[in-house]
Each structure stands twice: as C-alpha cells, then as structure tokens.
Amino acid sequence: MTEPRFILHHYESSPYAEKIRLLFGRGQQSWGSVLSPAMPPRPNVDPLTGGYRRIPIAQVGADIFCDTAIIAQEIALQSPISGLSADSVPNEVAELVQRAEGDVFFSAITSVKPLKLMGTMLTLFGPFGMMRFIKDRRQMMKGGSVRPPQGERAVAIFDGFLADLDKALTSRAFLSGDEPAYADFAVYHPIWLKARVGGGAISKQYPHVRRWFDRIPEVGHGAREELQAVHAFAEARANEPRPLPASEEGAELLNCQVTVAPEDYGREPVQGLLVAQTSERFIVARETGEFGVLHVHFPRQGYVVVKV
Ligand SMILES: N[C@@H](CCC(=O)N[C@@H](CS)C(=O)NCC(=O)O)C(=O)O
C-alpha cells in the first residue's frame, strides 16, 4: 500500500465542503473524493466516524477528521502555502469570519424566499427527496442549541454582512492579503450557498464583494480523483492511526470511555477511548471489527466531551 492520501467525504452542494475543496486548491493538494448523500444515513462514512453526522469529513488512512477547523489544520500541515488554517486569520477580519460561520451561514438559507428555496430543493432532490430533506434538517435543528434568524431579520443580517465585507475589501484584494487563504474561504462559502440557493447576482452596491467573489474560484479545487467508499474503507483497513500528539497536563478524561459531540447542531455523539487531548483537539480511538483501530479527531472549540 502506498502512503495514504487525503480523502474527503462530502456532497457537491455542501458549503462547508466547498470551503475545504478551495483549501485543497489553494494548498495545491491531490485528494480523493467520496460522495456522500446530503442526509444520513451515510454508509460511505458512518462506519468510519462512528456516527458524527456533519459534512465534510476527511480521512487519511485510519485517521478521521471531523469539522472543517481540524481538516484545515491538516491541509495546512501538508501544504507549502501559508495561511490555510484558522489560527492564521488576520485579527482585523476575525469577526467577519466568526459571523460568516454563525448567523450569516443560517441566514444564507433563511433569507431566501420560501418558494425559491423549494424550487432549488426540488431540482436538487426531487419531490420525495425534498420532503425527506426538510424533515431531516428540521429534526437536526430541533435537537440543536442554535435558533437561526428568520425572514426579514435574516435578510438584514445577510445584507449587513455584505456591506461590512465590502468595506473590509476596499483596502485589500483578499481578506487574507494579496492572495486568498483561510479567512476568504470561510467567508466565501455562505455567500456561495446563498448564490446557489437563492440565485441572483451580488448587488452592485457591493462592488468589492463582487470582484472578490468572482476571483475566489480561480484557486480551483486541487487535483481531485473520484473514489468509491470501498477505496476509503480499504485505506482505513490497511493503515494504522498515526502517532498521537502529547496530551496537555491535567486532562482528566484521558484514557476514559467518552462521547464527543458538537455543542450547536447535528449533535450525534461519537463514542470511544479518549487517547489524546491537546489545546486544540480531542482524539478518540474506536475499536472496529471492520477496520481495526481508528482515531477520530475533533476540535475542542464547539465540542463537548462526556464520560460514559
Ligand atoms: N462546524 C462544522 C459545520 C459543518 C456543517 O454544518 N455542515 C453542514 C453541511 S455544509 C451539515 O453537516 N449539515 C447537515 C448534514 O449535511 O447532515 C464544520 O466546520 O465542519
């Protein structure tokens, strides 16, 4: 078996996956793509994560990476280009990045007129699939702790964000400087989502956003190769997890059986042995009959660990 490569479990219309595809592009990476359904069950990846329900998920051999914050760190480690992880976001645009992946992300959907939204979902999923999708997302949000803004409030949030972004882009080509990097992709994906779901161009009121938005896709998606789930499974089986980082002192739940779950939405927990806890991530070991031991990595920020 050759060195394991990056595999991304994703679906085309996922905005968070688009953030990662662009990071692969900017980071000049080759990667394997395994397409997932837009809603669970996801037989291509559920057996690897042990139940984490969000997309995208990345894999390198027997290491599984949940959440784009961790996936970006992994890409940054492999890439000759700087600025690809969240810790490289310039201070003056940190607030924009935070808003983009908070209320603005939800408003990208909830600010779209209901009929338009239904039309897009019908095209993507067909009538039966659309009903399943709506039910799935409703349940996901019901079990979550965030309450997305609705209607006029969502419209105002999205528009206010574009106005602030336009201001930030008057003095620089990209949020990250002369070239696009993490901050740009994190802010780009909700606007990409809104453009795909709601249609229509970005208002002429925001010329700097328009110019920036048109330039981001120029970085491309890197060298993408389509794979099937069996290929991803074979790589998980053929590899051992990589060596663990040193854990921080006083990590009380280290070597305990725990569950790890997002705090906000899509809170399905993953159970395993907490084998590492650094200042940035939790790593859980899962014994699986099918693949041997897998290490599942989560960011600490936004995730909770509970002893079983
Ligand atoms: N904080 C997560 C958010 C990921 C996220 O919300 N992904 C959306 C798709 S773009 C999702 O998982 N939606 C529910 C689903 O696809 O099942 C990350 O950065 O990875």
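Predicted model: local features only at pLDDT ≥ 70, side-chain atom pairs only at ≥ 80, totals over all residues.

Visitor: Which residues are around the ligand?

Guide: They are Ser14, Pro15, Tyr16, Met39, Arg53, Arg54, Ile55, Asp67, Thr68, Ala69 and Gly266. By kind, the shell has five nonpolar, three polar and three charged residues.

Visitor: Is helix 3 largely enclosed or exposed?

Guide: Count its buried residues. A residue is buried if 20 or more other C-beta atoms lie within 10 Å of its own. Nine of the eleven residues of helix 3 pass, so the rest of the structure largely encloses this helix. Among them are Thr68 and Ala69, which also belong to the ligand shell.

Visitor: What do the buried residues of helix 3 pack against?

Guide: Their partners are helix 1, strand 3, strand 4, helix 8 (182-198), strand 8 (281-288) and strand 9 (292-299).

Visitor: Which residues of strand 3 are buried on each side?

Guide: Look at both faces of strand 3 (residues 57-60). Ile57 and Gln59 are buried on one side, Ala58 and Val60 on the other.

Visitor: How does strand 3 join strand 1 and strand 4?

Guide: Follow the bridges. Strand 1 (residues 6-10) runs antiparallel to strand 3, with four bridges. There, Leu8 pairs with Ala58. Strand 4 (residues 63-66) is also antiparallel to strand 3, again through four bridges. Here Val60 has Asp63 as its bridge partner.

Visitor: What lies between strand 3 and strand 4?

Guide: Two residues, in a hairpin. Gly61 in the turn has a positive phi of about 60°.

Terms used: Residues numbered from 1 in each chain as written. Near = placed C-beta within 6 Å. Nonpolar A, V, L, I, M, F, W, Y, C, P; charged D, E, K, R; others polar. Buried ≥ 20, exposed ≤ 12 C-beta atoms within 10 Å, placed from the backbone. Pairing = 2+ DSSP bridges. Contact = placed C-beta atoms within 7 Å.
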